[in-house]
Amino acid sequence: MDILHSILVAAHLLGMAVIVGTFLVQMRKKSDFAVVPVLIAAIVQLVTGLALVGLAEAGDFDLNYAKIGTKLVIAVIVLAGAIGAFVAQRRGTRVAPWFHVAGGFATINLLVAVFWR
Ligand code: HEM
């Protein structure tokens, strides 16, 4: 259980780093956003986050469900932004607004994760 928890936390932090890192590096761009890594990482965040919650419940650890619910809603917005960016890039329409939704809300989720105790 311990090793599974560590693997999930590592994947969760890597996913966070990919979305927020890509966003910070590319936020001033007008085109050619790295949309696929952001989309994959947004899925990773949802899957690993929910798996961490499942593991905590199985292990009878205390969970702050208001915080988890808030993070879940924000993570769904991040995924919607990433899907929107992917589709917009395929169609040749504006990617920037979608990319900023994904990156901006992932940054908010990072702050929620760290400051809400
Ligand atoms: C873009 C989406 C997300 C980002 C950027 C994010 C970010 C983070 C960060 C930075 C941490 C480490 C905070 C700390 O331990 O002090 C964390 C931990 C955690 N996150 Fe997320 N998160 C996201 C989505 C989610 C979702 C959707 C869930 C579940 C519904 C979730 C559940 C958790 C849990 C349970 C932990 C605690 C892990 C542990 O130490 O046992 N996260 N998250």
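Trainee: Why is Asp 32 called exposed?

Mentor: In this predicted model, Asp 32 has a relative accessible area of 61%. Exposed means over 50%, so Asp 32 is exposed. Asp 32 lies in the loop between H1 and H2, and has a positive phi of about 60° although it is not a glycine.

Trainee: What makes Asp 60 count as exposed?

Mentor: The relative accessibility of Asp 60 is 70%. The cut-off is over 50%, so Asp 60 counts as exposed. Asp 60 lies in the loop between H2 and H3. Its phi is near 65°, a positive value in a residue other than glycine.

Trainee: Is His 12 buried or exposed, and how do you know?

Mentor: His 12 has a relative accessible area of 16%. Buried means under 20%, so His 12 is buried.

Trainee: Why is Lys 71 called partly exposed?

Mentor: The value for Lys 71 is 21%. Partly exposed lies between the buried limit of under 20% and the exposed limit of over 50%, so Lys 71 is partly exposed.

Trainee: What are the protein donors of the iron atom of the ligand?

Mentor: They are His 12, through NE2, and Lys 71, through NZ, lying 1.8 to 2.0 Å from the iron atom. The pair links distant parts of the chain: His 12 is in helix H1 and Lys 71 in helix H3 (residues 65–91), 59 residues apart.

Trainee: Why is Ile 77 called partly exposed?

Mentor: Ile 77, in helix H3, has a relative accessible area of 31%. Buried is under 20% and exposed is over 50%, so Ile 77 is partly exposed. The C-alpha atoms of Ile 77 and Val 101 are separated by 7.6 Å, and the two residues are 24 apart along the chain.

Trainee: Why does Met 1 count as exposed?

Mentor: Met 1 is at 65% relative accessibility, and exposed means over 50%, so Met 1 counts as exposed. Met 1 is found in the segment before helix H1 (2–26). Together with Ile 3, Leu 4 and Ile 7, Met 1 makes a nonpolar surface patch of about 450 Å².

Trainee: Which residues touch the most other members of the largest nonpolar core?

Mentor: Ile 19, Val 78 and Val 95 do, in a core of 23 residues. The largest share, seven residues, comes from H3.

How values were computed. Residues are numbered from 1 along each chain as its sequence is written. This is a predicted model: local features need pLDDT of at least 70, side-chain atom pairs count only at pLDDT 80 or more; totals for chains, interfaces and linings use all residues. Side-chain values use heavy atoms; hydrogens and water are left out. Patches are made of residues with over 30% relative accessible area and no salt bridge: like charges are joined within 9 Å, nonpolar side chains (Val, Leu, Ile, Met, Phe, Trp, Tyr) within 5 Å. Accessible areas come from the Shrake-Rupley method with a 1.4 Å probe; for residues, only the protein chains shown count as cover. A salt bridge is a side-chain nitrogen of Lys or Arg within 4 Å of a carboxyl oxygen of Asp or Glu. Helices (H or I, at least four residues) and strands (E, at least two) are DSSP runs, numbered from the N terminus. Buried means under 20% relative accessible area, exposed over 50%, partly exposed in between (1.4 Å probe, protein chains only). Donors are N, O and S atoms within 2.8 Å of the metal (3.2 Å for Na, K and Ca); water is not among the atoms, so sites may look incomplete. A nonpolar core is a set of buried Ala, Val, Leu, Ile, Met, Phe, Trp, Tyr and Cys residues joined through side-chain atoms within 4.5 Å.
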